[in-house]
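Please look through the sequence and the model below before reading on. The paragraphs that follow start from a single residue and then widen to the chain.

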Amino acid sequence: MAEKFAVSRRTSLPAHSDEPTPPILFLSSEEMGWDGLVARAYHEPMQFEGFIESDPDMPHIPLVLFAGGAMYMERRPVNGSWKGGVMRAEDLMLAPDGSVSSELRWNGLTSEPTQTLHLHLSKDLFARTVKEVADYDPARLTLIGRSGFQDPLLTQIGFALWRELEHPAPAGKLYAQTAAQMLAVHLLQYYTCAPIHIQERSQGLTRQQVQRVTDFIQAHLSQDLTLEALAQQAGFSSYHFARLFRQTMGESPHQFVLRQRVERAQHLLKKTDDPLAHIALESGFANQSHLTRIFKRYLGLTPRGFRQQE
């Protein structure tokens, strides 16, 4: 499976095949500037047989979500015995250390290729999260690999990121950073070798903290806002800030930022005759089509229609 556990692999298919069928990458976050997380969606080949090379020094934690189709997959360590099972939609695979080389093979069970979402969570982000929320030495922590398991929250995050890849939003980078924090904390809580206590904060943000964050957002609305930069205004880690902001404001930071951008666009449409492309950039949207799509979702009409109505 494409770049799942290692940086290289040797592939082969049955003798009647001239060339191995590669996975087809059809969605990727790599040009979206996400921090701490890379997401790629693939159509997997109907058949595969090859060798997965270990890479304990890889800089990310790989998590694979099966998003559609089904396959019978088998795996064995070098000189070991084959073990396998059916992988279906919403099944997951986690291989955090890449420490074991193995052979892998599968056959598709449906007429359509199996779709997979590969999430690569930065090990540096995970280590920072461990220190921030658990005050624990990440070097003493081991994540436990699993295959063919289900986890509703991981699946929810995975499909939410998939939708973001399909329809990028202006606050998408902020959204992805929040998702990466959620992934890191969830893995820390439920997939480690020892029980970890998460140090939660029950009090919400103060009025002064909310004002500082809001002022910062308004001053930088046309720029590429990050979760870390917002968290610094309130004096919290990114994880604690995201939770406390939602608790205080009733919406996530990326939802709040997106709403502020729509409101900025409304103001500019009312008060200026600026072209829509200029208003889009001034409000923090990537382009005019981005503005139109989000504006219509929020208000039920296009920016042009809104301006004419005024």
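Glu74 counts as buried because its relative accessibility is 17%, where buried means under 20% relative accessible area, exposed over 50% and partly exposed in between, computed with a 1.4 Å probe and protein chains only. This is a predicted model, in which local features need pLDDT of at least 70 and side-chain atom pairs count only at pLDDT 80 or more, while totals for chains, interfaces and linings use all residues. Residues are numbered from 1 along each chain as its sequence is written, and side-chain values use heavy atoms, with hydrogens and water left out.

Glu74 lies in strand β6, a strand being a DSSP run (E) of at least two residues and a helix one (H or I) of at least four, both numbered from the N terminus. Leaving aside residues up to four places away in sequence, Glu74 touches Trp82, Lys83, Gly84, Glu103, Leu104 and Arg105, where contact means heavy atoms within 4.5 Å. With Arg105, the side chain of Glu74 also makes a polar contact of 2.7 Å, a term for a pair of N or O atoms within 3.5 Å in which, within protein, one must be able to donate a hydrogen and the other to accept it, and residues adjacent in sequence count only if both atoms are side-chain atoms.

Tyr72 is placed in strand β6 as well, which covers residues 71–77, and Tyr72 counts as partly exposed because its relative accessibility is 35%.

Turning to the whole protein chain, there are ten helices and eleven strands, and buried residues make up 47% of its 310 residues. The C-alpha trace spans about 70 × 45 × 25 Å along its principal axes.
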